[in-house]
Amino acid sequence: MWKYANPTFFLALVARVLPWVAGLTVLLLAVGLYMTFFVAPADYQQGDTVRIMYIHVPAAWLSVFCYMTMAASALGTLVWRHPLADAAQKAAAPIGAAFTFICLVTGSLWGKPMWGTWWVWDARLTSVLVLFLIYLGLIALWQTIEEPGRAARAAAILTLIGVVNIPIIKFSVDWWNTLHQPASVFRMGGPTIHPTMLWPLMVMALAFTMLFLTLHLMATRNEILRRRVHRLTMLAAGSGESDVAGARFADQEA
Amino acid sequence: MKSPLAALFLREWRLARRIGGGGAMGVVFFLIMVTITPFAIGPDLNLLGRIGPAILWIAALLATLLGLDRLFQADHEDGSLDLLRMADTPLELVVLVKCLAHWAATGLPLVIAAPVFGLMLALEPPALAGVTASLFVGTPALTFMGAMGAALTATLRRGGLLMSILVLPMTVPVLIFGVSSAAAATDVSLSFTTPFLVLCALTLASAAGAPFAAAAALRNLGE
């Protein structure tokens with residue numbers, strides 16, 4: 001495991017894996033969107049608006065999945081002090097915020113025709129909104145603390161505090177009587193959703209997961225490279241050398 | 001000889017009392033919040049009586065948060081935080097005592113002032129009692145949660161705003177159960193004990209958990 005956590009090895013791995021992951025993402029998204037719009041049946045009550053589900057539900061899953069990825073990286077930061085975990089943590093926050101935002105916006109667009117309102121203050125919607133706010137707070141914290149190692153540990157502590165919200169999101173539809181419907185896919189006794197709708201949903205969920213993986217790998221790689229550039233710039237500035245580009249080139253050669 | 005924690009409590013209490021920005025200022029801020037709300041929503045006493053507990057809770061939440069950004073910052077600036085960190089007393093206990101002292105100096109005056117300000121919002125006597133009781137057991141949770149944010153932002157020059165952004169989402173449950181127990185005090189059809197006990201549980205849980213998170217964040221500052 002430690003071999004994979006080495007940033008240089010990680011960069012090499014990403015360079016090899018990324019084209020395949022990205023290609024798979026495009027393929028799955030294409031298939032999933034085709035199924036969403038042409039294969040999946042319209043709902044007998046909701047008509048074509050039910051197709052929002054194929055974006056909304058995977059985005060909601062990914063918003064939580066991304067947070068759990070971030071929390072796992074936070075443990076890596078706090079327990080093993082690993083720089084790769086720092087980078088993975090930082091890279092996940094904006095992606096998670098984006099998925100949560102998509103989830104909220106599509107839910108709102110879906111809610112207007114179905115519930116007759118853009119927004120209700122029920123437990124599920126509110127807890128997801130709090131998740132979005134926590135993401136924004138984390139991004140703000142990352143941007144405010146200049147020293148990367150310290151920022152990573154501060155963000156890790158905040159991430160782990162925010163984990164409290166995840167079970168609240170998951171069980172909000174069971175604990176409170178909400179307008180939002182309860183879980184219909186991952187539940188005891190099997191999914192209550194018809195297979196003709198379940199399959200497109202599953203393909204879209206997989207596509208979103210691959211999309212997250214692609215974006216997260218890219219963002220983590222960029223963060224590692226950004227830190228290297230920063231360090232080399234500082235070194236160059238410290239030694240009175242102005243040829244930063246040359247230093248970068250030399251690093252790549254090495 | 002005094003125990004170190006008692007000495008720390010007294011020190012924090014004296015600092016909060018003698019240096020500006022302590023309890024009295026928090027109460028003044030509380031009063032101003034209560035005063036400007038009727039200007040915004042109109043002086044309808046029925047409406048104010050209905051949403052009064054919520055106004056008092058939001059005002060107390062903001063007043064608590066505003067005072068908290070200096071909780072560790074001042075100690076960081078004059079170096080006493082380094083001494084506290086190197087002392088034999090566990091940093092978690094230090095954080096806990098600092099929070100308790102801070103609450104006693106700034107949170108408790110808010111609780112005491114709440115019934116008086118509640119009269120201005122035309123609250124009925126049961127509602128006054130309910131909101132005061134819920135603030136009494138609920139505001140410590142705000143202090144503990146705020147301490148986590150204060151520890152994370154202690155070295156930042158403009159940490160106050162960031163601290164509010166970090167902490168306010170976490171305080172949502174406290175606000176929900178605080179206001180609902182205050183509202184249940186006037187409405188006989190609602191149970192007062194359930195939200196009130198949940199509020200107690202939130203305070204106890206944050207008292208147990210927050211010192212660890214805040215102490216971890218404070219150790220991070222010194223590295």
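## Residues with positive phi

B:A122 counts as partly exposed because 17 C-beta neighbours lie inside 10 Å; on this scale 20 or more other C-beta atoms within 10 Å make a residue buried, 12 or fewer make it exposed, and counts in between make it partly exposed, with C-beta atoms placed from the backbone. The residue sits in the loop between α6 (91–120) and α7 of chain B. Although B:A122 is not a glycine, its phi is positive, at about 60°. Helices (H or I, at least four residues) and strands (E, at least two) are DSSP runs, numbered from the N terminus.

This is a predicted model, in which local features need pLDDT of at least 70 and side-chain atom pairs count only at pLDDT 80 or more, while totals for chains, interfaces and linings use all residues. Residues are numbered from 1 along each chain as its sequence is written, and chains are lettered from A and ligands numbered from 1 in the order in which they are written.

In chain A, A:R81 also has a positive phi, near 55°, and is a residue other than glycine. A:R81 lies in the loop between α3 (53–80) and α4 of chain A, and is partly exposed, with 13 other C-beta atoms within 10 Å.

## Chain B overall

Chain B has 10 helices and zero strands. Its C-alpha trace spans about 55 × 35 × 35 Å along the principal axes.

Of the 223 residues of chain B, 51% count as buried. Among contacts between residues at least 6 apart in sequence, 81% join residues at least 24 apart, a contact being two residues whose C-beta atoms, placed from the backbone, lie within 7 Å. B:L83, in helix α5 (residues 80–86) of chain B, is exposed, with 10 other C-beta atoms within 10 Å. The C-alpha atoms of B:L83 and B:T155 are separated by 16 Å and the two residues are 72 residues apart along the chain.

## Helix packing in chain B

Helix α7 (residues 125–152) and helix α10 (residues 193–221) of chain B pack at about 20°, with axes 8 Å apart. Axes are lines fitted to C-alpha atoms, for helices over the stretch in contact, and angles run from 0 to 180 degrees between N-to-C directions. α7(B) and α10(B) are therefore roughly parallel; angles under 35 degrees count as roughly parallel, over 145 as roughly antiparallel, 65 to 115 as roughly perpendicular and the rest as oblique.

The residues that meet include B:G138 and B:F144 in α7(B) and B:C200 and B:A210 in α10(B). By class, this contact of α7(B) with α10(B) has 19 nonpolar, four polar and no charged residues. Ala, Val, Leu, Ile, Met, Phe, Trp, Tyr, Cys and Pro count as nonpolar, Asp, Glu, Lys and Arg as charged, and the others, Gly among them, as polar.

## Contact between the chains

The contact takes 13 residues from chain B and 14 residues from chain A. On the side of chain B that touches chain A, α10(B) gives the most, with four residues. By class, that side has 12 nonpolar, one polar and no charged residues.
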